[in-house]
Amino acid sequence: NCDDQLVSALPQSSFSSSSELSSSHSPGFAKLNRREGAGGWSPLVSNKYQWLQIDLGERTEITAVATQGGYGSSDWVTSYLLMFSDSGQNWKQYRQEESIWAFSGNKNADSVVYYKLQHSIKARFLRFVPLDWNPNGRIGMRIEVYGCTYRSEVVGFDGKSCLIYTLNKKLINALKDVISLKFKTMQSDGILLHREGQNGDHITLELTKGKLSLLINLGDTKTHPSNALINITLGSLLDDQHWHSVLIEHFNSQVNFTVDKHTHHFHAKGEFSYLDLDYELSFGGIPVPGKSGTLSRRNFHGCFENIYYNGVNVIDLARRH
């Protein structure tokens, strides 16, 4: 039920804009169904360089948006872009179906156009960027945003630290393993995840030149020389200081590797069982020099959010020692 109204209770100081036509057209009047001021926000000049911005006060999960024109006017927006940010400095455009998504806006001043997002946004700041508006009027907007509090556990890494999770051997299921996390960084290289076994086999998730590589070395080169090493690379420009999600699922020999919304499915042939690996998982770096040889060994510098290993909240465990 993540559909609370997020804008209606915000103070005027939470709104800002590229410009305003007058003090009665200021961004603080841009709340859905309100009639205060001139009945909505309008910029000084109607062109494609204008924007209306909301500060939700904290990182929030946003599931839907709604727009109206200026109350009782000929001012409304017929299409717009949505941008979001954690900092208010570094912006990302809402995308759908692999491309930047232009939202259909209003056909008159007072009817509400509601849009349920195909995938939710997690952000503190939102920007509405008008693309087109009523040719017989100007840009005019009233808006509402729907969503809920976003609960998250975040941990920062300074490039020298790592988080080690020692597994309970009783809980290990050799047939199924699921690791999920989000990360954010400005550094193009660093180790996100590492796990190493007795005979040189290891699993490493590493950021290299802004791309993520999942390296699985079965170590069993005598029996399966051709299948010993698997290296899958996904994503690009992942060092853009935005959150990116990672999911690694292993069922028997089937492995699914997902970065953001792109998944690579493959089979790890040979003796691929996590039982051959130590019961220790390190996040953010490699704690002791191993036998892996080929790694850059640069520890991760940035933030992780919501690290889960088979449903266990690893950051929460670390906080509680």
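**The cysteines up close**

A: C2 and C148 are both buried, where buried means under 20% relative accessible area, exposed over 50% and partly exposed in between (1.4 Å probe, protein chains only). Before going on, a word on the ground rules: this is a predicted model, so local features need pLDDT of at least 70 and side-chain atom pairs count only at pLDDT 80 or more, while totals for chains, interfaces and linings use all residues. Residues are numbered from 1 along each chain as its sequence is written, and side-chain values use heavy atoms, with hydrogens and water left out.

Back to that pair. C2 and C148 are joined by a disulfide, with 2.0 Å from S to S; the term stands for a pair of cysteine sulfur atoms within 2.5 Å. This bond ties together distant parts of the chain: C2 is in the segment before β1 (4–5), C148 belongs to strand β10 (residues 142–149), and 146 residues separate them. The torsion about the S-S bond of C2 and C148 is about -95°, so you're looking at a left-handed disulfide. Searching the whole structure turns up one disulfide.

What about C162 and C303? C162 has a relative accessible area of 29%, so it counts as partly exposed. C303, at 24%, is partly exposed too.

Now for the fold around them. The protein has one helix and 23 strands; these are DSSP runs numbered from the N terminus, with helices being H or I of at least four residues and strands E of at least two. Of its 321 residues, 49% count as buried. The accessible surface comes to about 15,500 Å², and carbon and sulfur atoms hold 49% of that; the areas come from the Shrake-Rupley method with a 1.4 Å probe, and for residues only the protein chains shown count as cover.

One loop is worth a stop as well. D189 sits between β13 (176–185) and β14 (190–196), and its relative accessibility is 18%, so D189 counts as buried. Setting aside neighbours within four places in sequence, D189 touches L207, T208, K209, R298 and N299. With T208, 19 residues away along the chain, the C-alpha separation is 4.6 Å.

Methods. Contact = heavy atoms within 4.5 Å.
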